[in-house]
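Please look over the sequence and the structure below before reading on.

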Amino acid sequence: MRFKLTRCVRYILGSIATFFVLASAVVAGPPLICHPFDIGNAKSLPWISQDWNLTGAENYDTHDLSGDTQATLNSSQVPLIHMETLRRATLYARKDPAAAKQLLLQLVTRAKSAEASSNPDAFALFDAAYLTEAYKQWLGEKGENPANRLDGLPWIKHATQLRPNDPQMAFAAALITLRGPEADHREYAQLATAGAKNDALLKRNLANHFLGEQSQTMSEMILKSNETKVARQ
């Protein structure tokens, strides 16, 4: 339990400091990590926890992390499945620096190939962006975080431009841009909430609370961007 709470508690303390500096509301925990996304019965990485974090009793072999993650990503065109899969991958990656580096390297390589293509794959860009920003939130800026010198924002912006009518991808972009750029974030949040009217899975996710019933819903979190600041770890 101590392990499960430590990172989010540290994040809360950092965000409280940001609160006093910016006079803004606080998001209590890394938004890409400390909240599991509802993907129904869809296939993703193995998961036995009833909470957002690993239980410590997992027997998953992280040597398979890169292959399993990419197989799941390649089998789905649903952004929320990509988001939850990459969230779980980040949690597993923290236990295995070599696996963490291998997975990120392969997704970044795919993203760069997409950028150079005349017909770029939006999900290649999306996955690299999401994993990069998830690593920054969970693995931190110190030590051997392979994402430290990367920036996921250009990739997520390009991905959403390629899929302008995808509200789930806009939801992911809104979470990634909680700290800004504000104009981009506002647009992503509006696209996500508007699109949820015709997307039952996204609607359920936006209605879920971030950390317990007393916390904001995900919809409230992304729509209150002018009041909410999230410090990157």
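## Helix 6 and helix 7

Helix 6 (residues 153–162) packs against helix 7 at an angle of about 155°, and their axes are 10 Å apart. The axes are lines fitted to C-alpha atoms, for helices over the stretch in contact, and the angles run from 0 to 180 degrees between N-to-C directions. Helices (H or I, at least four residues) and strands (E, at least two) are DSSP runs, numbered from the N terminus. At this angle, helix 6 is therefore roughly antiparallel to helix 7. Angles over 145 degrees count as roughly antiparallel, under 35 as roughly parallel, 65 to 115 as roughly perpendicular and the rest as oblique.

The crossing of these two helices, helix 6 and helix 7, is left-handed; that is, the near helix is turned anticlockwise from the far one by less than a right angle, clockwise being right-handed. Helix 6 contributes Leu153, Ile156, Ala159 and Thr160 to the contact, and helix 7 contributes Met169, Ala173 and Ile176. Contact means heavy atoms within 4.5 Å. Sorted by class, the contact of helix 6 with helix 7 has 6 nonpolar residues, 1 polar residue and no charged residues. Ala, Val, Leu, Ile, Met, Phe, Trp, Tyr, Cys and Pro count as nonpolar, Asp, Glu, Lys and Arg as charged, and the others, Gly among them, as polar.

## Basis of the model

This is a predicted model, in which local features need pLDDT of at least 70 and side-chain atom pairs count only at pLDDT 80 or more, while totals for chains, interfaces and linings use all residues. Residues are numbered from 1 along each chain as its sequence is written, and side-chain values use heavy atoms, with hydrogens and water left out.

## The chain as a whole

The protein chain has 10 helices and 2 strands. Along the sequence they follow the pattern α-β-α-α-α-α-α-α-α-α-α-β.

Of the 233 residues in the protein chain, 52% are buried. Buried means under 20% relative accessible area, exposed over 50%, and partly exposed in between (1.4 Å probe, protein chains only). Among contacts in the protein chain with a separation of 6 or more, 68% are between residues 24 or more positions apart.

## Helix 7 and helix 9

Helix 7 (residues 167–176) also packs with helix 9 (residues 200–207), at an angle of about 25° and with their axes 10 Å apart. Helix 7 and helix 9 are therefore roughly parallel to each other. On the helix 7 side, Pro167, Gln168 and Phe171 take part; they meet Leu201, Leu202, Asn205 and Leu206 of helix 9. The residues of this contact of helix 7 with helix 9 comprise 5 nonpolar, 2 polar and no charged.

## Threonine 217

Threonine 217 is placed in the loop between helix 9 and helix 10 (218–223). Its relative accessibility is 14%, so threonine 217 counts as buried. Not counting residues up to four places away in sequence, threonine 217 touches Leu206, Ala207, Asn208 and His209.

Side chains of opposite charge can pair when their charged atoms come close. The whole structure contains 8 salt bridges, a salt bridge being a side-chain nitrogen of Lys or Arg within 4 Å of a carboxyl oxygen of Asp or Glu. In one of them, arginine 87 pairs with glutamate 84, and the closest N and O atoms are 2.8 Å apart.

Glutamate 84 and arginine 88 are 4 residues apart in helix 3, about one turn of the helix.

## Surroundings of arginine 88

Arginine 88 is buried, with a relative accessible area of 11%. Which residues is arginine 88 in contact with, leaving aside its neighbours within four places in sequence? They are Ile39, Ser44, Leu45, Pro46 and Trp47. Arginine 88 and tryptophan 47 are 41 residues apart in sequence, and their C-alpha atoms are 8.0 Å apart in space.

## A salt bridge between helices

Aspartate 184 forms a salt bridge with lysine 157, the closest N and O atoms lying 3.7 Å apart. Aspartate 184 belongs to helix 8 (residues 182–195) and lysine 157 to helix 6, so the pair ties together parts that are 27 residues apart in sequence. Aspartate 184 is buried at 18% relative accessible area, whereas lysine 157 is partly exposed at 36%.
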